[in-house]
Amino acid sequence: MPERTIYLDHAATTALDARVLDAMLPYFTTEYGNASSIYTLGRHAMQAIDSAREQVADILGCRPTEVTFTGCGSESDNLAIKGMAFASQKKGNHLITSPIEHHAVLYTCQYLERFGFRTTYVPVDTYGCINPDDVGRAITDETILVSMMYANNEVGTIEPITEIGRICRTRKIPFHVDAVQAGGSLSLDVVELNADLLSLSAHKFYGPKGVGILYARQGMRLLPQLQGGSQERGKRAGTENVAGIVGAATALHLADEDMPKVMPYIIALRDRLIAGLLTIPGSLLTGHPTDRLANNASFVFEGVEGESILLNLDLLGIAASTGSACTSGSVDPSHVLLAMHVPVELAHGSLRLTLGKDNTDEDADTVLAVLPGIIEK
Ligand code: PLP
């Protein structure tokens, strides 16, 4: 058994930062109040949530009242899309998204189709890029929401969000951005991005699992998807996960602070992996060659099954992913690669390596040393 896991699956999840854990710990033990209680212990919990909300708003460039804490990135996507759709039914029934979205968006649109909504899937090119003009052309009088991802979770392609947002703003169509993979590595300034709604998930940037964030610009009407208490200004019922919320805000703040130092380091590691692994015969980089997430090195290998690459890497203590982590275990080729017109045979041989701040040069050396042999085998 290898001594240490070489973890190269940071798009799936990240380890909790020790500084985040320190910030969270009091809210599990001494500061355990319910934020809805009016006595001191409850007020402490509410104060912690308020300052977490301010911290998040500061990074997003929005008002604290525009920030809602949810139970995960999927819930933020669901609340944004279903919440907007059901609240805007009188205006129209048309949604626009792309075929490379995470299932939290795609399946939500499919669910809404059962209630009479229609979805247009704007195509992507072979790099997984959306053409903003195609979004403009897809807008009709019935369109009530455009939902596009900031960066793709499988191939790392960064989408032209600011430009898509500009088109939506001009046409007065609310624009939701699934920024779950962008959190901690790209600017999240909602004004710059022209975003009306934006989803994040804390466990992608060294925060805790089970905490999502939804930015909803003032004036966006969302139909709540959970009935119960009036927490989160009536947008999301349920006793707040105080420790998780404190952890999410601390993690986002630290990720933002660390970005100038961490990003160049990760980009250098990524580019070394890409250059080295592209020397393997039959290998192909997936996603955009330059407009890609700092940590994403993803490939397809001809004549190889992604699952068997993963198992061989696992035997050597290396954790990676084939396609999306959320769909691995299924033998279907990735919907993202198919939408990018990667041939089915090649799409079966996909490998995603996603780096994090604790990866080292030696980690990259190890992968570069063992992977050619695994593919050859
Ligand atoms: N959106 C994207 C782009 C993702 O990559 C993920 C998770 O991988 C999600 C949404 C869902 O986030 P969560 O796991 O917090 O529900």
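Student: Before we look at anything, what are the helices and strands in this numbering?

Tutor: They are DSSP runs numbered from the N terminus, where a helix (H or I) needs at least four residues and a strand (E) at least two. Please also keep in mind that the model we are looking at is predicted.

Student: What about Glu 232, what is its phi?

Tutor: Phi of Glu 232 is also a positive value, near 50°, and this residue too is something other than glycine. Glu 232 belongs to the loop between β8 (212-216) and α7 (242-277), and with a relative accessible area of 8% it is buried.

Student: Which residue forms a salt bridge with Glu 232?

Tutor: The partner is Arg 53, and the closest N and O atoms of the two are 2.9 Å apart. Arg 53 lies in helix α2 (residues 40-60) while Glu 232 lies in a loop, so the pair ties together parts that are 179 residues apart in sequence. Arg 53 is itself buried, with a relative accessible area of 6%.

Student: How many salt bridges does the count come to?

Tutor: The count comes to 15 salt bridges. One of them joins Arg 217 to Asp 196, with 2.7 Å between the closest N and O atoms. That pair links distant parts of the chain, 21 residues apart, since Arg 217 is in the loop between β8 and α7 and Asp 196 is in the loop between β6 (175-178) and β7 (197-201). Arg 217 counts as partly exposed at 31% relative accessibility, whereas Asp 196, at 3%, counts as buried.

Student: Which residues do shared partners join into one network?

Tutor: Salt bridges with shared partners join Asp 17, Arg 19, Asp 258 and Lys 357 into one network. Within it, the side chains of Arg 19 and Asp 17 meet at 2.8 Å, N to O.

Student: Changing topic, which residues are closest to the ligand?

Tutor: The ligand is surrounded by 14 residues, the closest being Ser 74, Asp 178, Gln 181, Ser 201 and Lys 204. Polar side-chain atoms come to oxygen atoms of the ligand at 2.7 Å from Ser 74, at 2.8 Å from Gln 181 and at 2.6 Å from Lys 204. The ligand taken alone exposes 390 Å², and the protein buries 91% of that.

Student: Which helix gives the most to that shell, and how do its residues divide?

Tutor: Helix α3 (residues 73-87) gives the most, with 3 residues, and the shell as a whole divides into 4 nonpolar, 7 polar and 3 charged residues.

Student: Last one, which residues form the nonpolar patch on the surface?

Tutor: The patch is formed by Leu 16, Leu 21, Leu 25 and Phe 28, which together have about 350 Å² of accessible area. Leu 21 is found in helix α1 (residues 18-24), and its relative accessibility of 36% makes it partly exposed.

Technical notes
Residues are numbered from 1 along each chain as its sequence is written. This is a predicted model: local features need pLDDT of at least 70, side-chain atom pairs count only at pLDDT 80 or more; totals for chains, interfaces and linings use all residues. Side-chain values use heavy atoms; hydrogens and water are left out. A residue is near a molecule or strand if one of its heavy atoms lies within 4 Å of it. A polar contact is a pair of N or O atoms within 3.5 Å; within protein, one must be able to donate a hydrogen and the other to accept it, and residues adjacent in sequence count only if both atoms are side-chain atoms. Accessible areas come from the Shrake-Rupley method with a 1.4 Å probe; for residues, only the protein chains shown count as cover. Ala, Val, Leu, Ile, Met, Phe, Trp, Tyr, Cys and Pro count as nonpolar, Asp, Glu, Lys and Arg as charged, and the others, Gly among them, as polar. Patches are made of residues with over 30% relative accessible area and no salt bridge: like charges are joined within 9 Å, nonpolar side chains (Val, Leu, Ile, Met, Phe, Trp, Tyr) within 5 Å. A salt bridge is a side-chain nitrogen of Lys or Arg within 4 Å of a carboxyl oxygen of Asp or Glu. Buried means under 20% relative accessible area, exposed over 50%, partly exposed in between (1.4 Å probe, protein chains only).
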